[in-house]
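Welcome, and thanks for opening the viewer. Keep your selection tool ready, and we will go from stop to stop together.

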Amino acid sequence: MSRLTTGTIAGPAGRLGFRRMDAEGRKRGELIFVHGAWSSSWYWEEHFMPFFADAGFDVVALNLRGHGDSEGRLRLATINGYVDDVAAVAATLTNPVIVGHSMGGLIAQHYAVRHPVRGLALLASVPPWGAWSALWSVIRESPAKLIGCTLAFDLKPIVADRDLARRLLFSREPSVRDMDHLLHHLGSESYLAFLGMLFQRVTRSLPDPVPRFVLGAERDALFPPATVRASARALKTEAHLIPETSHMLTVEHRWRDAAEAMLVWLDGYIPARPTADSNLNAG
C-alpha cells in the first residue's frame, strides 16, 4: 500500500496543508478530494485515499483555509476563497478529477465551471442551487442551534451538540453510537461559507464533454435521495445511491460500496493511461 504523506504549499490565504498517496503500479491519473463543512482531510484518509491509490491514481486531499493544518482566518472564509484554495492545489497537478463531498461538492462545482477539469465527482453534495434541504433539516431538528450559529457567526454549535451531529451527519439516534469515535474531528465552519452554500448558486453549466458523477446516500438527512436525483438531472447525468448509508458515506460501514461505484465511473469515463508526474511533493 502507498504511504500517506503530508505537506504544505503556498495558498491564497497562507500555507495550505494536504495529504497525498501516490498511485500503486501504473499511474492512471490524479484525484483531488475536497472536504465539506466542519471537517478536514481526515475523512478521506482511512478508506478513499488508499482505495484509489491502489486503483492507480495519485490522490491528494487538501485542507481548506482555516481547516486542519491550513492557515487562514476561518471566520472570513468564503466559498470563493475555498475555490481559490482548490485552484492552488490543482495548479500543481496535471488535469485532475475533482471529487467533492457535501460543501466540498459545491466548491468543486464552482471550480469545474471556471477551470478545465478531467472529471467532476459529487458525493452527498450541496446541489447547484444551494444547501436549502440541509437548512430545513437543521431548522426541523433544532432551530435554536441555527440562532446560536448566527449569534456566534460560526456553524460549530450544530456539531457541538453530539445528538444533533449524530442525527444530521450520521443518521443515528442518540442511543446509536457506533460512529461516535469520529465526532471529535468536527469543528468550526465559516458562517460566510454557510451563506455562500445557500445563496451562491452554480449558474454556469458544466461543459458537456466533462465527465460527471453524482452519488448520494439513501439515509442522508441533509441531502436526501430526491435532492440527489434533482442534482443529477441538473448536471445531465444519473444519480447513484448507496443504501443504508448516511451523509458521511466516506467513513460509513458501506464506504466501499461508494468507492467502488465511483471507480466504475472512472473506469468507464477516464481512460486508463499513463500521465506525467505532478509537481506536488510532501515537505
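**Stop one: a pair of strands**

Select R20 and then V60 in strand β4: the two are bridge partners. Helices (H or I, at least four residues) and strands (E, at least two) are DSSP runs, numbered from the N terminus. Now widen the selection to β2 (residues 14-21) and β4 (residues 57-62), which run antiparallel and are joined by four bridges. Two strands count as paired if DSSP finds at least two bridges between them.

Before going further, a word on what is on screen: this is a predicted model, in which local features need pLDDT of at least 70, side-chain atom pairs count only at pLDDT 80 or more, and totals for chains, interfaces and linings use all residues. Residues are numbered from 1 along each chain as its sequence is written, and side-chain values use heavy atoms, with hydrogens and water left out.

**Stop two: the whole sheet**

Colour the strands in the order β1-β2-β4-β3-β5-β6-β7-β8, and you have an open sheet of eight strands with mixed pairing. At its edges lie β1 (5-11) and β8, each pairing on one side only. On average, neighbouring strands of this sheet are turned by 25° against each other, direction ignored.

Next, show helix α4 (residues 103-112), which packs on the sheet and touches β3 (29-34), β5 (97-101) and β6 (119-123). Contact here means heavy atoms within 4.5 Å. The direction of α4 makes about 150° with that of β5; axes are lines fitted to C-alpha atoms, for helices over the stretch in contact, and angles run from 0 to 180 degrees between N-to-C directions.

**Stop three: inside β7**

Is G216 buried or exposed? This residue of strand β7 counts as buried because its relative accessibility is 0%. Buried means under 20% relative accessible area, exposed over 50%, and partly exposed in between (1.4 Å probe, protein chains only). Show the residues around G216: leaving aside those up to four places away in sequence, it touches A124, V228, H240, L241, I242 and L249.

**Stop four: two loop residues**

Finish with K236, in the loop between α10 (225-234) and β8 (239-242). K236 has a positive phi of about 60° although it is not a glycine, and it counts as exposed at 64% relative accessibility.
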